[in-house]
Amino acid sequence: MSGSNSSKKAQAQARELKHRVLTCLHKLSDRDTHTAAAFELESIAKTLPTDALPSFLSSISATDSSDKSPVRRQCIRLISVLSDHHENSLSPHLSKVLSAVVRHLRDLDSSVRSACVAASFSLSSQLTSPPFNSITKPFLESLFIEQDSNTQNGFALCLAVIIEGSRNPDVGSLRKLLPKLEKLAKCESFKAKAAILALMGSVVGVKGVLCDGGENVIKNLVMCLMEFLSREDWAARKVAAEALMKIAVVEKDALWEYKASCLKSFEAKRFDKVRAARETMNQLIEAWKEIPDLPDELSPPPESQASSKENASDGHHPPAAKTSIGFTAPQVEKNSPLKNQANIAHFADGSPASTARRRSYVEIEERKQFAKPEIKRALFNEKYEKQKLGEASVVVSYEIGDICRNQRDSEDLSLIRNQLVQIENQQTNLLDILQVFITCQLP
């Protein structure tokens with residue numbers, strides 16, 4: 001008996017609640033009673049028991065185009081209130097709630113569609129037990145088939161806020177979705193360009209979508225967004241710049257090869273005629289300037305290490321001199337006084353022949369020393385005159401290298417070399433004759 005009384009009491013309360021809700025919904029259509037009715041409905045939604053949720057959802061979901069716009073808008077707002085206060089208790093009724101939101105996204109009133117976007121965000125952020133794909137599925141199915149621009153805009157924005165509000169988005173499904181969104185954005189039949197770009201920006205903002213997608217994913221995405229920076233629709237330009245900013249934040253180290261060319265394009269578009277787009281473009285430039293020029297593994301070695309390697313020698317030969325244009329010049333071996341003394345000591349055995357030979361060798365060396373400047377003047381007369389006029393001096397080895405480039409100068413050098421060899425041979429023969437003469441004069 002008591003059980004039947006309690007059930008009757010519950011049924012009576014349900015009927016009373018339903019009547020109360022319908023009365024408030026009717027008052028919403030009247031401008032004078034709209035505010036009071038909206039406040040009462042929100043109070044009911046906040047304190048609603050869990051077992052009364054199905055009845056309440058049925059009442060607010062029954063509205064259609066025959067009802068006035070304020071009624072339809074307030075019913076969608078009540079879904080946000082239910083999500084914020086009942087959270088996962090609303091999960092068993094998710095399909096009914098999403099159906100109501102999807103249906104009202106085709107509403108002609110923009111305020112109703114805006115309420116649907118807010119409700120989608122509340123459902124995604126507050127309901128954690130349903131899988132992520134179960135919330136996005138009805139919106140994705142409608143996004144690719146809708147032809148009306150306002151409806152396309154509503155579905156794209158709902159998906160964008162669902163992704164941003166979700167605590168655990170499905171990275172794998174979003175990675176597969178990104179190429180489809182790029183194709184849809186380039187399709188001429190899809191009119192809501194700004195909304196689809198905002199959706200792409202929400203997708204790339206999820207950590208892990210781009211980093212594991214490969215280089216082509218980033219490249220195609222950047223190229224796609226760069227195209228919209230030149231569109232006539234200022235909203236599309238603004239949203240494309242915002243998406244590029246998100247890419248610069250999420251994948252900073254993977255954009256170094258695109259930095260120079262993209263910044264050049266951004267600089268050319270920074271003076272947008274629309275203030276909102278212009279401010280976003282300037283923020284985009286600053287964000288992309290933070291991208292490193294080269295990743296750490298491709299950075300050149302420090303200058304100190306490079307210079308130490310270039311200046312290293314093996315301990316037996318002096319290090320080669322490095323010129324200002326980046327190549328090394330061979331070191332010219334100079335006549336050492338110790339070497340000349342060793343050559344003179346070769347004849348110092350005390351005999352008259354060795355004395356005469358030593359004297360002749362000294363004379364030959366002196367002639368060579370005096371002859372070398374004259375030979376250099378003759379060979380490089382033009383350079384010598386330029387040195388007198390105060391121009392920069394040139395290393396002799398570089399001058400010889402320049403002269404040898406000309407075939408005629410090379411032949412002249414060969415002729416001079418042959419003449420020097422003949423003089424040395426004649427001096428050697430003279431020493432031999434002198435030695436024979438001295439030997440014959442001895443008793």
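User: What makes R270 count as lying over the face of F271?

Analyst: In this predicted model, R270 is 5.9 Å from the ring centre of F271. The distance cut-off is 6 Å, with an angle of within 35 degrees of the ring normal also required.

User: Why is the pair of F139 and F155 called edge-to-face?

Analyst: By the rule for aromatic rings, the count comes to two pairs. In the pair of F139 and F155, the ring centres are 6.3 Å apart and the planes stand at 65°. Centres must lie within 6.5 Å, and planes over 60 degrees apart count as edge-to-face; the pair of F139 and F155 is therefore edge-to-face.

User: Which parts of the chain does the pair of F139 and F155 tie together?

Analyst: F139 belongs to helix α7 (residues 132-143) and F155 to helix α8 (residues 149-165), so the parts joined are 16 residues apart in sequence. Both F139 and F155 are buried.

User: How do you know that F266 and W288 form an aromatic pair, and of what kind?

Analyst: The rings of F266 and W288 are 5.4 Å apart, centre to centre, with 80° between the planes. F266 is in helix α13 (residues 256-268) and W288 in helix α14 (residues 275-289), so the pair ties together parts 22 residues apart in sequence. F266 and W288 are both buried.

User: Which residues have the most contacts inside the largest nonpolar core?

Analyst: They are F139, L143, L244, F266 and W288, in a core of 96 residues. Helix α12 (residues 234-250) gives the most to this core, with nine residues. Beyond its neighbours within four places in sequence, W288 is in contact with L244, A248, L255, Y258, K259, C262, L263 and F266.

User: Why is A240 called buried?

Analyst: A240 has a relative accessible area of 0%, and buried means under 20%; A240 therefore counts as buried. The residue A240 is placed in helix α12. Leaving out residues up to four places away in sequence, A240 touches L197, L225, F228 and L229. A240 and I196 are 44 residues apart in sequence, while their C-alpha atoms are 9.8 Å apart in space.

User: What makes S120 buried or exposed?

Analyst: The relative accessible area of S120 is 1%, which is to be set against the limit of under 20%; S120 is therefore buried. S120 is in helix α6 (residues 110-126). Apart from residues up to four places away in sequence, S120 touches V101, F139, C158, V161 and I162.

User: How many disulfides does a search of the whole structure find?

Analyst: The search finds zero disulfides; a pair of cysteine sulfur atoms would have to lie within 2.5 Å to count. Among the cysteines, C75 is buried at a relative accessible area of 1%, and C224 is buried at 0%.

User: What share of the protein chain is made up of buried residues?

Analyst: Buried residues make up 36% of the 443 residues. The protein chain has 20 helices and two strands. Of the contacts between residues at least 6 apart in sequence, 68% join residues at least 24 apart. The accessible surface comes to about 27000 Å², and 54% of this belongs to carbon and sulfur atoms.

Definitions and conventions
Residues are numbered from 1 along each chain as its sequence is written. This is a predicted model: local features need pLDDT of at least 70, side-chain atom pairs count only at pLDDT 80 or more; totals for chains, interfaces and linings use all residues. Side-chain values use heavy atoms; hydrogens and water are left out. A nonpolar core is a set of buried Ala, Val, Leu, Ile, Met, Phe, Trp, Tyr and Cys residues joined through side-chain atoms within 4.5 Å. Buried means under 20% relative accessible area, exposed over 50%, partly exposed in between (1.4 Å probe, protein chains only). Helices (H or I, at least four residues) and strands (E, at least two) are DSSP runs, numbered from the N terminus. Contact means heavy atoms within 4.5 Å. Accessible areas come from the Shrake-Rupley method with a 1.4 Å probe; for residues, only the protein chains shown count as cover. Rings of Phe, Tyr and Trp (its six-membered ring) pair if their centres lie within 6.5 Å; planes under 30 degrees apart count as stacked, over 60 as edge-to-face and the rest as tilted.
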